[in-house]
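Here is a friendly walk through one protein model, with its helices, cores and ring pairs in turn. Keep the structure open beside you as you read.

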Amino acid sequence: MIHIVLGTGFGDEGKGQCVHSLSDKNTLVIRFSGGHQCGHTVITESGKRHIFSQFGSGSFRNASTYISEFCTMYPIGLFEEYNTLKNKLSSELKMYVHPMVNITTPFDLAYNRTISMINGHGTCGVGFGATLERSEEFYNLYANDLFTPYIYNTKFSLIEKYYKEKVRKLNMSSQIIYEQEVCHAMDGWKESIEFFQQFCKIHVLSEIHLKYKHMVFEGSQGILLDQNFGFFPHVTRSNTTSKNALKIIGENQFHNKEISTWYVSRCYQTRHGNGPFSDSDSIKLKNTSEETNQANNWQGNFSISKLDFSLIKHSLTCDKIYNMSSRKNLIFTCMDQLIEKELFMKELGDSLLQDSVEKIYFKSQPDWL
C-alpha cells in the first residue's frame with residue numbers, strides 16, 4: 001500500500017499527524033519534497049510531542065525514513081533532531097538517504113538569512129532556498145560526497161569562495177551580518193558531519209523498498225507554496241504536489257500497488273510569512289494552546305482567517321495535473337478549535353468539494369488515531 005500526504009494550503013495543515021496515523025513498524029516514510037526547513041508536529045496518544053524536520057513523521061510508530069533526491073539535508077539540524085528524538089523513542093531510528101540529496105552548509109544558511117533581511121520575502125532561515133539556488137549553478141555538495149574526504153573538502157572550499165563572491169556585491173552592513181552568521185553556523189559543523197557519516201545509510205530506493213510493506217510519501221509545505229503554483233517570490237523552491245512522489249513511484253515500478261492520496265487542510269486558513277493571504281474574513285478560535293507556529297525573525301507573523309474553500313478546490317485541480325488515478329481523500333484538521341462548526345459544514349457543502357474526492361474526514365487533535 002502507498003499513501004501520499006499533501007497539504008492543500010500554505011503549510012501547517014497537519015501533514016505530520018496524518019503521516020503518523022498511517023505508519024507502523026513496516027512502513028518506510030519517504031520525504032519527496034522540501035527538506036530540513038519543514039516543521040511537522042506530531043502528538044502521540046500517550047502525549048509525546050515532536051516537531052519533525054528531517055526524520056519522517058512516522059518515527060514514533062517505528063517507521064523508517066528515506067530522504068529522496070528531491071530533498072535537502074542539514075547535518076547540524078539532523079544531529080540536533082536525533083539527540084532530541086532518540087530520548088522520546090523506545091526503538092532505534094533508521095534513516096536512508098539518496099546519494100544525490102543536496103547538503104546545506106553554514107554558508108547557505110548565513111546567506112539565506114542575510115538576503116532575507118534585504119528582500120523581506122520570508123524564509124525559514126535555515127538555508128533551504130539558498131542551497132537549491134547554489135545547486136542550480138552547479139556548486140553541488142551531495143550526501144555521497146561527505147564520505148570521500150578529498151571530494152568533500154574541495155567542494156566545501158569552492159562553496160565558501162562562491163558565497164564570498166556573492167556577498168562582496170552586498171553593502172558593508174550585510175557583509176558583516178553574513179560573516180557573523182557563518183561564524184555562528186560553523187559551531188558544531190565538524191561533529192555533525194561525523195555523525196552523518198556514521199548514522200545515515202546511502203541507498204537508492206530500489207535497494208531497500210522490499211524491506212517494507214507500506215510506503216508513506218510525506219509532503220512538505222502546501223500546494224499553494226509550490227514553486228509553480230504559488231505566488232512568486234513567496235514560494236518554496238520545491239514541487240509540493242504529487243509530482244515528485246509519482247515520479248519516484250514510476251521509476252521504481254510501484255504501479256501494482258494501491259495508491260491513496262490524503263489532502264490535508266485545517267478547518268481555517270493559515271499562513272506564516274509575508275506572502276499574499278486571503279484574509280478578508282477574520283475568525284475566532286476557542287483552543288490554540290497546542291499551536292506550534294509563532295512569529296519569528298525570518299518568517300514573520302503567523303496569520304489565520306476563515307477558510308477559503310475555493311483555494312482548496314484550486315489546489316486539488318493543480319495536483320490533478322499529475323495525479324489522476326489514485327484514491328483521493330480530504331482531511332480537515334483542528335476541528336476542536338472551530339466555534340461556528342455549523343456554518344463551516346454548510347459552506348463546505350456549498351463548495352461541492354465532495355465531488356473532487358472519495359471521502360472527507362474531520363479530525364480534532366485527540367481523535368486522530
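At 10% relative accessibility, F195 counts as buried (buried is under 20% relative accessible area, exposed over 50%, partly exposed in between, with a 1.4 Å probe and protein chains only). F199 is buried too, with a relative accessible area of 13%. Both residues lie in helix α7, four residues apart, about one turn of the helix. (Helices are DSSP runs of H or I with at least four residues, strands are E runs of at least two, and numbering starts from the N terminus.) An α-helix has 3.6 residues a turn, so residues three or four places apart point the same way.

F195 and F199 form a stacked aromatic pair, 5.2 Å centre to centre with 10° between the planes. For such pairs, rings of Phe, Tyr and Trp (its six-membered ring) have centres within 6.5 Å; planes under 30 degrees apart are stacked, over 60 edge-to-face and the rest tilted. Ring pairs also link F55, F79, Y82, F195 and F199 into a cluster.

## About the model

This is a predicted model, in which local features need pLDDT of at least 70, side-chain atom pairs count only at pLDDT 80 or more, and totals for chains, interfaces and linings use all residues. Residues are numbered from 1 along each chain as its sequence is written, and side-chain values use heavy atoms, leaving out hydrogens and water.

The structure holds 23 aromatic pairs. In one of them, the rings of Y139 and Y162 have centres 4.6 Å apart and planes at 35°, so the pair is tilted. Y139 lies in the loop between α4 and α5 and Y162 in helix α5, so this pair ties together parts that are 23 residues apart in sequence. Y139 is partly exposed, with a relative accessible area of 34%, whereas Y162 is buried at 8%.

## How α4 meets α5

The axes of helix α4 (residues 128-136) and helix α5 (residues 149-167) come within 12 Å and cross at roughly 100°. Axes are lines fitted to C-alpha atoms, for helices over the stretch in contact, with angles from 0 to 180 degrees between N-to-C directions. That makes α4 roughly perpendicular to α5 (65 to 115 degrees; under 35 is roughly parallel, over 145 roughly antiparallel and the rest oblique).

A130, T131, E133 and R134 in α4 meet I159, Y162, Y163 and K166 in α5, where contact means heavy atoms within 4.5 Å. By class, four of the residues in this contact are nonpolar, one is polar and three are charged.

## The cores

The largest nonpolar core has 42 residues, of which M73, M95, V97 and F196 touch the most other members. Such a core is a set of buried Ala, Val, Leu, Ile, Met, Phe, Trp, Tyr and Cys residues joined through side-chain atoms within 4.5 Å. Helix α5 gives the most to this core, with six residues.

Leaving aside residues up to four places away in sequence, F196 touches M73, P75, L78, V97, I103, A143, L146, F147 and I202. Another core, of 37 residues, lies apart from the largest one, and among its members are L6, A245, I248 and L316.

## Helices under cover

Seven of the eight residues of helix α1 (residues 15-22) are buried, so α1 is largely enclosed by the rest of the structure. In helix α2, the buried residues are P75, I76, G77, L78, F79, E81 and L85. What covers them includes β4 (49-52), β6 (72-73), β7, β8 (102-103), α6 and α7.

Note on methods
Ala, Val, Leu, Ile, Met, Phe, Trp, Tyr, Cys and Pro count as nonpolar, Asp, Glu, Lys and Arg as charged, and the others, Gly among them, as polar.
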